[in-house]
Amino acid sequence: MKPPEIIKAQLMDAQDVHRTITRLARQVIESMDSSHEIAIVGLHRRGVYLGKRLQTLIYELEGINVPFGTLDVTMYRDDFRRRSGARKIRSTNIPFNVSSGHLILVDDVLYTGRTVRAAMDAVTDLGRPARLQFLTLIDREHRELPIRADMVGRVVPTISREEVRVQLSEIDDHDGVWLIERGEDE
Amino acid sequence: MNIGDSNISSQVLLHRHLLGLSTYSVEEIFLILETAREFREILERPIKRVPTLRGFTIVNLFFEPSTRTRISFELAAKRLSADLVNFGGSGSSLSKGETLRDTAQNIEAMKVDMAIIRHSSPGAAHFLTRCIQGSVINAGDGAHEHPTQALLDLLTISEHYDRFENLRVSIIGDIAHSRVARSNIFALTTLGAQVTLCGPQTLIPVSIEQLGVRVTHRLDEALEDCQVAMTLRIQQERFGASLVPSLREYNALYGLTSEHMEIHQDLIVLHPGPVNRGVELDDEVVEHERAVILDQVTNGVAVRMAVMYLLASSRATDRD
């Protein structure tokens, strides 16, 4: 049984989400330099859709076609024995050479930093990027590892019983970000 | 029901063991195949290893001689960074008269998380589940089941056909003594394929039609409109037991030849190996581009990785 949950606040509506992603796309463009080619890798699940939107926006803004890939970090997680039930493995598809490029990992929420840690291990197994950066729509703090995001949409201070839920129209009803409070922790 | 459609597969396995496929649902089989496809990708990488099962201990209990199945499980475990120990073969306590129960209790005392068992008695894997805490994977128990072989066959078929519903599959050879055939019959009928069994009368069990399959003793009938031919290895000892008159006669009646490949342009040919060339399959068939025997071997590692991963993380109550 899932504990009951209460919606505490809406943090972003569809327009906010669009504005923030547009700003992040500009930041990605700004960080480009001539020495290394940039590529975007979205982390499953919502990082994939965010990454795709960034790719589209960068093309619309600058006419630059940035290579895009998807990464599933399930195989690299460190909480395998703590979770009940397998996480479904989704597809890792990086159709370009990871080595020596400038890679930007994209996810929706940065929390403990463990997903990013797993993603860094996964990328390392695929090659040796010249530079690896992390972009997130929401940073909700509470890091358990020495990890930070290079590009952040919005910082939202939270308590651990809360959850930040990002919804994207590609897989959810509509765009938006909500602050949810769960019942007692398991 | 397309194979690539992830809506069909369940999120988790409901089983804690893989003893056979007769109790596995469509959703669970699809979950295994889908997971195996993702692991298949790792096998193409320069670094063919992920840290998923780090610190997880798996024991290979092989009470029957087997090289390729044992190695395939061993590779699968190592690709997932699990620790694997081999128990079996000559020189071990298995050949010194220890009972299965005692062996199992020793394994349990060594604190392993998962056991893979190959045994000549049907039900040995099931028995093991009552002796140890960890998950059990059946790697072949007598003529009962060999589920990972059937799963790798399904994965291989799915690389050529995009649905199992009404797929016409013929299983050819020694059905009576084949655990591979039984596991495939269970899985294929669950997925809605049309299964035909073909072989000499002495090698097809009476009333096997009750499993929802068609039986024929004529190869041309079995190959008519057939999309997948699963050929089975014929054991040499069957000839001594006068079930089949001779190798040459078996080959003449049930061996696949290049003419068959010529007539049936859609047919793909599977074989669990090792092949008796010139008996089940002629040389030209083994080498044929529509013989997918080596793909089966590669897929075997991926499927076993998927099963290990999914069972290792399943915490459901045991329904087996």
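Biologist: What makes β1-β8-β7 of chain A an open sheet, and in which sense is the pairing?

Modeller: Three strands, in the order β1-β8-β7, form the open sheet, and the pairing is antiparallel. The edge strands are β1 (5-12) and β7 (162-167) of chain A, since each pairs on one side only. Strands here are DSSP runs of E, at least two residues, numbered from the N terminus; helices are runs of H or I, at least four residues. This is a predicted model: local features need pLDDT of at least 70, side-chain atom pairs need 80 or more, and totals for chains, interfaces and linings use all residues. Residues are numbered from 1 along each chain as written, with chains lettered from A and ligands numbered from 1 in written order.

Biologist: How do you know that β7(A) and β8(A) pair?

Modeller: Two strands pair if DSSP finds at least two bridges between them. β7(A) and β8 (residues 176-182) of chain A have six bridges, in the antiparallel sense. Glu162(A) stands opposite Glu181(A) in β8(A).

Biologist: Why is α1(B) called largely enclosed?

Modeller: A residue is buried if 20 or more other C-beta atoms lie within 10 Å of its own, exposed if 12 or fewer, partly exposed in between; C-beta atoms are placed from the backbone. In α1(B), 13 of the 17 residues are buried, so the rest of the structure largely encloses this helix.

Biologist: What span is expected for helix α1 (residues 26-42) of chain B?

Modeller: The rule is 1.5 Å times one less than the number of residues. For 17 residues, 24 Å is expected; α1 of chain B reaches 25 Å from its first C-alpha to its last, close to that value.
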